[in-house]
2 protein chains.
Amino acid sequence: MSTKSSPRTPARPRSSTPNRRERVPDHRAAGAPAAPAFRPIRTRRAFEEICERIREQLALGVLKPGDKLPPERDLAQQLGVSRNVLREALRSLEMAGVLRLQKGVKGGAFIQEGDTSRMNGVMRDMLSLGTISVRELSEARVHVLDLVVRLACANARKADLDALEANIRRTEDATREGRLLDRVECSREFYKLLAASTGNKVIAMIMDSVTEIHMRFVYAKVSSSGVAMARLAEKRRQFLAALGERNVASATRLMRTHLESVQRMLEQDPGAMSLHVALAEVQPGMRR
Amino acid sequence: MSTKSSPRTPARPRSSTPNRRERVPDHRAAGAPAAPAFRPIRTRRAFEEICERIREQLALGVLKPGDKLPPERDLAQQLGVSRNVLREALRSLEMAGVLRLQKGVKGGAFIQEGDTSRMNGVMRDMLSLGTISVRELSEARVHVLDLVVRLACANARKADLDALEANIRRTEDATREGRLLDRVECSREFYKLLAASTGNKVIAMIMDSVTEIHMRFVYAKVSSSGVAMARLAEKRRQFLAALGERNVASATRLMRTHLESVQRMLEQDPGAMSLHVALAEVQPGMRR
DNA sequence: TTCCATTGAATGGGTGATCCATTTAATAAT
DNA sequence: ATTATTAAATGGATCACCCATTCAATGGAA
């Protein structure tokens, strides 16, 4: 197996690296008197440097979605690091949604695109870590949803309204057949469609990230208590009608009162509303 | 150095692992008829499993901020994986802001808390990857800021107003002394303080994530053209006065007109508004 | 006693060789 | 022409090291 040309780099180009730990030379020093103190100089590690370089190439437009990075063995040699360290960097970038790693011949590390679900994980982590509270999240959701409704009234296109209509029909089917958990899944999708109908992916992302967690609570509640929101599809239809008429006042009012009733449903028997239950369980369709 | 007791696990407890690739058994199948197709079954890799387990412990409350994970060598043995793979997982979690890794005796992997800046990186990546556009981001910022102003009017406390006041004074100093870039940094801080004054960390996080990138553009513009917003501190004072009086209408109006004038400033000479320049450069105080 | 220098163990950071599993294209057999 | 086989490329994972940093314990000097 010595035919493998060069990946093993027996000459170790990095063995004489004083350059690795070249450290940020703190080139500010004259820059920001407003900043109160010194930023901590976390010792710069190889994998951080690698992540940053790849992100830089991305920001510079040198790398674009669909592009393929060199094979791990080659890239490691180019960067003068071991393959293991390179992989730590690639893994991190993959978890961040920047890369997609594929095995096999014609495999490799490909620049990913179009993944708008990355904020969801951040939000979940924040909640798990106690950085944010359920209360703050719920409150934020109310406000964001209000904004989304207003934007949807202004920007929703026919296709968006049709998609919402189709969603409501699925909700009706699920209700009729008593598939309560499916109905929750429909709800989740309803809000996703509504967010998409704003025409702004940033807003949609934000909306999704706060909604995903909220729906986990609803899911946990419904699945444990068996109770479910009454006249859901009916309310959805009313709302959709207001949306179709671009009636902002009516649409926001309908949504607000709906949110309030959902909140009341969740809050009765608050013992079942365990943060841990809602966060830990992986639920169908709720891709992590 | 053979005194090292056990970390090397010479007996390789995992050499007979048929369990690793245990695969999600697709236990839905009866669950979600609403979902159109099959979700791709990305082959489950060890480091993903590890990340998930740690996050699960976190969600369950078994692990809390400040807690320390076992040393890499021990934990790798417990999980039945190599140390390298474990490190890939720990790296990913560190990049995600869940862990903090510290060297030395008494070092280890500590559960992190209180980092509200994680969304910023996500937003940057989305922009670099072209998943979202500058237009969408700017538009979202206008709307989010409007919401923030309304919430700040309702919830800002005296300490918040004082902090804003102090910030405006720093802005005046920077203006007087011609430190234009410092003034941009003050602006960034102004919005951060304003977001914090809503009393809702979720909203504040969202606000920060859209503002951080916007300020990069402003920074790039100011640093390349030398022009800067006229009468900035004065406008800030007017706004702060409205905020102090809880005058929502006045505050939102002042903010909106300010945003519009900033936008005009940015849009003249659009050639300088390179996405790449704004994203790629690391600027003082703008910790990535 | 007090204080400072030395030492050594614990721990993360990093390396290189090696093997396995998957994927795909090229090749051979039917 | 179709199908089975083979081989190469590539990521996935392991092992056995070594280095750098940190900090508590130790011990000697003031």
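Lys106(B) is exposed, with 7 other C-beta atoms within 10 Å, where a residue counts as exposed at 12 or fewer such neighbours, as buried at 20 or more and as partly exposed in between, the C-beta atoms being placed from the backbone. The model is predicted, and local features need pLDDT of at least 70 and side-chain atom pairs pLDDT 80 or more, whereas totals for chains, interfaces and linings use all residues. Residues are numbered from 1 along each chain as its sequence is written, and chains are lettered from A and ligands numbered from 1 in the order in which they are written.

Lys106(B), which is not a glycine, has a positive phi of about 65 degrees and lies in the loop between β1 (99-102) and β2 (108-111) of chain B; helices (H or I, at least four residues) and strands (E, at least two) are DSSP runs numbered from the N terminus. A positive phi, near 60 degrees, is also found for Arg246(B), in the loop between α9 (232-244) and α10 (248-267) of chain B. Arg246(B) is partly exposed, with 13 C-beta neighbours inside 10 Å.

The contact between the chains takes 61 residues from chain A and 61 residues from chain B, two residues being in contact if their C-beta atoms, placed from the backbone, lie within 7 Å. Elements of chain B that give two or more residues to the side touching chain A include α5 (134-155) and α8 (201-225).
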